[in-house]
Amino acid sequence: MYKSSIVLATLFILSVAAKSQSISHYEDPYYSPFERYVYKPGTGFHTSIRQYRMDQLNNIVNTDSVLYDGLRIPAGKLNFWKRIFHDDLFKLDKGDVNIVVNPIFNFEGGRENNEGLNTWTNTRGIFIKGNIGKHLHFYTDFVENQAVVPNYINAFAQETNMMPGQGQRKDFSTNGHDYAQATGYIAFNFAKYFNFQLGNGKHFIGDGHRSLLLSDGAYSYPYVKLTADFWNIKYMVMWNKMLQYDEVADQTDFRYPGKYGVFQYLDWNINKRLSLGFYANVVYAEQDTMGHRGFDMHYLNPVNFFRPVEYNLGSPDNVTMGLNARYIAATWLTLYGQFVLGEFKFDEVSSGEKWWANKHGFQLGARTFDLFGIDKLDLQLEYNQVRPYTYSHYTTIYAYGHMNQPMAHILGANFREGLAILKYRKNRWLFKAELMATFYGKDYGDGVSWGKDVFMPNTQRPYDYNHTIGQGLETDVYNADVNASFLINPRNMFNIVAGARIRKLQNEQETMDTQHFYFGVRTSLKSLYYNF
């Protein structure tokens, strides 16, 4: 990582003709204001690499008009009070120096009926973004949280010592959790076609609500990223560092074990409607049985194919490959899908004996806009399934995960899942209904790996053949959420929300029911997933 930073700094010094580019900070998939515009035929937009660049969005739509969508703004200069409700809280525009400051908050109260528990969330934070001169763009945010959460999220936090997508937690008062997170980046263009980022954050590859390749459901991580745009192609390569949570190290002054990831993704817009993406990533330990390895220079070349490099190193690295496809069938309909591959042997697949290392999964989905001709009534349908042991390795440190959460699908592996998300917007009102149904095989916790937990070594499998999705502790989960929100300030998605989440988990060992009703005043910017 250190050597990568040196390379990045050198290129920055050379970029005398560079022009900075802002990255969209609207990450919440439910409040994404631009998705209906990027999924239109003929835009040439590379929809599967998120987050989006604002200059590229402005090439296809006026982003300010989309954000406000006809909402009335008071005329004249806005005072501090009016800025809270209508614009950025603070703006500095001094020619070559531009800075924007906005608050981040979530003040939520609720009731979980089955547990008889009063829930609440107290989130306070700030984000700052801007540019200095024509060459450098930056973004940073910080949030501090305390919360008492519904039973299933609390169970997840107690089991993993993490809050979903928000990092490590510690006890707060009787039933609460205390946690914080900071993200940020600097970005600039080099020459005409290349953009560099150095930062700490998350990324997403795909056109779905979930991703089987790289998702933003885990905790943020440090990274260096290069993207290149030319002809009908967008190419991304990223180097990052992930950590393996260690409970023993957590109780001492020792550092968590580290691992590096290298990611390649090439997205090709074949024509005005069809796009294909080719993905590969490798995960390797910072220290292995041969000693301290550090950042491996063999993976520094941004155009190398990882599998031949990994093979020639004689290494135990964990390589994952995949495909992403998108077809814009009409202005109101987009079809998409993914295929992920861990290991594959044709003779084992064709034998039908369900070998444990046939590690793969797929996604099929559809996005509709203005359903039944109703303006801004949108529906998304999606199906995902992943075989046991996909993303895992024979040692925990090589698993495709970071801080006790998978880097791809939030459920890990060994599951089938169906999703439906219905949204309707009318002026400042947004109505959302979501349903998730999943079937997976849970690991019993007895040291035997049945293939769901990506961090369990797959050497602990019970046998080599006859592995099927759902093996282990067969578990059904239904998770539904319905809410209505009123948008106040589009600049930071400041809104008031009221809703209900109904969830049921059932297997032979337990039944967990959740009936959670909530009301909140919040900014909806971050991608946080509670539908698991």
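In the predicted model, Leu323 is partly exposed, with a relative accessible area of 42%. Leu323 belongs to strand 18, which covers residues 318-330. On the surface, Leu323 is part of a nonpolar patch that also contains Tyr193, Phe194, Phe230, Trp231, Trp268, Ile270, Phe278 and Phe339. Together, the residues of this patch have about 870 Å² of accessible area.

The largest pocket has a volume of about 1,100 Å³. Its lining comprises 35 residues, and those closest to the centre are Phe156, Glu159, Thr160, Lys452 and Asp453. Helix 6 (151-160) gives the largest share of this lining, with six residues. At least two lining residues each come from helix 6, helix 7 (247-250), strand 23 (405-406), strand 25 (429-442) and strand 27 (494-506). Sorted by class, the lining of the largest pocket contains 16 nonpolar, 10 polar and nine charged residues.

The second largest pocket has a volume of about 710 Å³. A total of 30 residues line this pocket, and Ser22, Val100, Lys129, Asn131 and His137 are nearest its centre. Two or more lining residues are supplied by each of helix 3 (54-58), helix 4 (63-68), strand 2 (90-94), strand 3 (97-112) and strand 4 (117-132). In the lining of the second largest pocket, seven residues are nonpolar, 14 are polar and nine are charged.

Technical notes. Residues numbered from 1 in each chain as written. Predicted model: local features only at pLDDT ≥ 70, side-chain atom pairs only at ≥ 80, totals over all residues. Heavy atoms only, no water. Patch = residues over 30% accessible without salt bridge, like charges linked within 9 Å, V, L, I, M, F, W, Y side chains within 5 Å. Areas by Shrake-Rupley, 256 points an atom, 1.4 Å probe, with all protein chains shown as cover. Salt bridge = Lys/Arg side-chain N within 4 Å of Asp/Glu carboxyl O. Helix = DSSP H or I, 4+ residues; strand = E, 2+ residues; numbered from the N terminus. Buried < 20%, exposed > 50% of the residue type's maximum accessible area, 1.4 Å probe, protein only. 1 Å grid on protein atoms, 1.4 Å probe; cavity = no way out; pocket = protein on both sides within 12 Å on 5 of 7 lines; lining within 4 Å. Points joined across faces, edges and corners; volume = space filled by probe spheres on them. Nonpolar A, V, L, I, M, F, W, Y, C, P; charged D, E, K, R; others polar.
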